[in-house]
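Here is a short report on one protein chain. Look at the sequence and the fold first, then read on.

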Amino acid sequence: HPELGMVSPGEFIPLAEKSGLILPIGDWVLDRACQQLALWAQTPALARLVLAVNVSAGQFKQADFVSCVVAALDHHRVEAARLILELTESMLADDLDDMVHKMAQLKGWGVGLSLDDFGTGYSSLGYLKRLPLDQVKIDASFVRDILTNAHDAAIARTVVALARELQLEVIAEGVEQAGQRDFLRDIGCLNYQGYLFSRPLPLAKFEAAIRASSVISRTGWSQLPLESPLQPLPA
């Protein structure tokens with residue numbers, strides 16, 4: 001914003017939900033994500049990227065939500081597996097049967113499904129057993145003090161072990177220190193999200209960083225120089 005600068009999601013999302021604007025915003029984001037995936041598919045260095053999109057509870061409740069997702073993928077001719085929809089635990093407090101039904105439909109089309117902010121809301125083993133998920137994300141509140149708080153460390157170990165048993169990918173949010181990453185790696189969590197790797201980037205800078213990581217990965221380097229904002233893609 002020209003006067004406010006960067007406005008955090010914590011500020012604008014509650015306002016969008018209260019005003020009802022979250023629905024058209026959500027539709028626009030979904031369409032824009034599919035458009036971007038289609039563009040990346042034309043560039044070898046970017047073609048393997050997978051894009052995760054947060055879905056609001058109101059958006060997911062819409063009767064035509066699944067058809068809207070399928071229509072966006074079809075319109076932009078995007079491989080469904082390149083799109084991941086991130087759902088929050090708070091959504092489980094509503095109509096679980098409807099949520100499971102829609103998730104199963106999306107999974108049938110090949111769309112990836114992720115449970116965001118895991119451990120902060122309504123999750124239980126019963127829920128996880130029913131939900132056709134691909135991944136869970138350890139909430140940043142458990143990662144922040146993972147090196148100094150035995151309870152947070154135990155929760156992280158438990159989530160990783162549970163995900164492994166359920167054959168789910170697990171991603172740790174809020175990783176800001178190398179020590180946090182190393183701890184998570186040692187307990188079997190190999191996917192991370194946080195400022196240790198990059199702060200939010202404009203699209204052009206993000207693409208440049210990915211291209212650089214792809215070049216370095218092909219040369220056999222184990223990681224990018226420290227001044228680079230991203231880790232390399234797998235070879």
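Of the 235 residues in the protein chain, 37% count as buried. Buried means under 20% relative accessible area, exposed means over 50%, and partly exposed lies in between (1.4 Å probe, protein chains only). The chain exposes about 13,400 Å², and carbon and sulfur atoms supply 57% of that area. Accessible areas come from the Shrake-Rupley method with a 1.4 Å probe; for residues, only the protein chains shown count as cover.

This is a predicted model: local features need pLDDT of at least 70, side-chain atom pairs count only at pLDDT 80 or more, and totals for chains, interfaces and linings use all residues. Residues are numbered from 1 along each chain as its sequence is written, and side-chain values use heavy atoms, with hydrogens and water left out.

**Confidence**

pLDDT is the predictor's confidence in each residue, from 0 to 100. Its mean over the protein chain is 86, and 89% of the residues reach 70 or more. Helix α4 (residues 65–76) has the highest confidence, at a mean of 97. Helix α10 (residues 203–219) has the lowest, at 75. Over residues 216–235, pLDDT stays under 50. For this stretch the model has 35 contacts beyond four places in sequence.

**Fold**

The protein chain has 10 helices and 6 strands. Helices (H or I, at least four residues) and strands (E, at least two) are DSSP runs, numbered from the N terminus. A contact means heavy atoms within 4.5 Å. Take the contacts in the protein chain with a separation of 6 or more: residues 24 or more positions apart account for 61% of them.

**Salt bridges**

Side chains of opposite charge can pair when their charged atoms come close. A salt bridge is a side-chain nitrogen of Lys or Arg within 4 Å of a carboxyl oxygen of Asp or Glu. How many salt bridges does this rule give? The count comes to 9. Three of these pairs are listed here.

| Pair | Closest N to O distance |
|---|---|
| Glutamate 86 and lysine 137 | 2.9 Å |
| Lysine 107 and aspartate 134 | 3.5 Å |

Glutamate 86 forms its salt bridge with lysine 137. The pair links distant parts of the chain, 51 residues apart: glutamate 86 is in strand β2 (residues 83–88), and lysine 137 is in strand β4 (residues 135–138). Are the two residues buried or exposed? Both glutamate 86 and lysine 137 are buried.

Aspartate 97 lies in helix α5 (residues 96–109) and arginine 130 in helix α6 (residues 125–130), so the pair ties together parts 33 residues apart in sequence. Arginine 130 is partly exposed, at 40% relative accessibility.

Lysine 107 pairs with aspartate 134. Lysine 107 is in helix α5, while aspartate 134 is in the loop between α6 and β4, 27 residues away. Lysine 107 is partly exposed, at 32%. Aspartate 134 is also partly exposed, at 29%. Elsewhere, salt bridges that share partners join Arg181, Asp182, Arg185 and Asp186 into one network.

**Cysteines**

A disulfide is a pair of cysteine sulfur atoms within 2.5 Å. By this rule the count is 0. Cysteine 34 is buried, at 0% relative accessibility. Cysteine 68 is partly exposed, at 29%.
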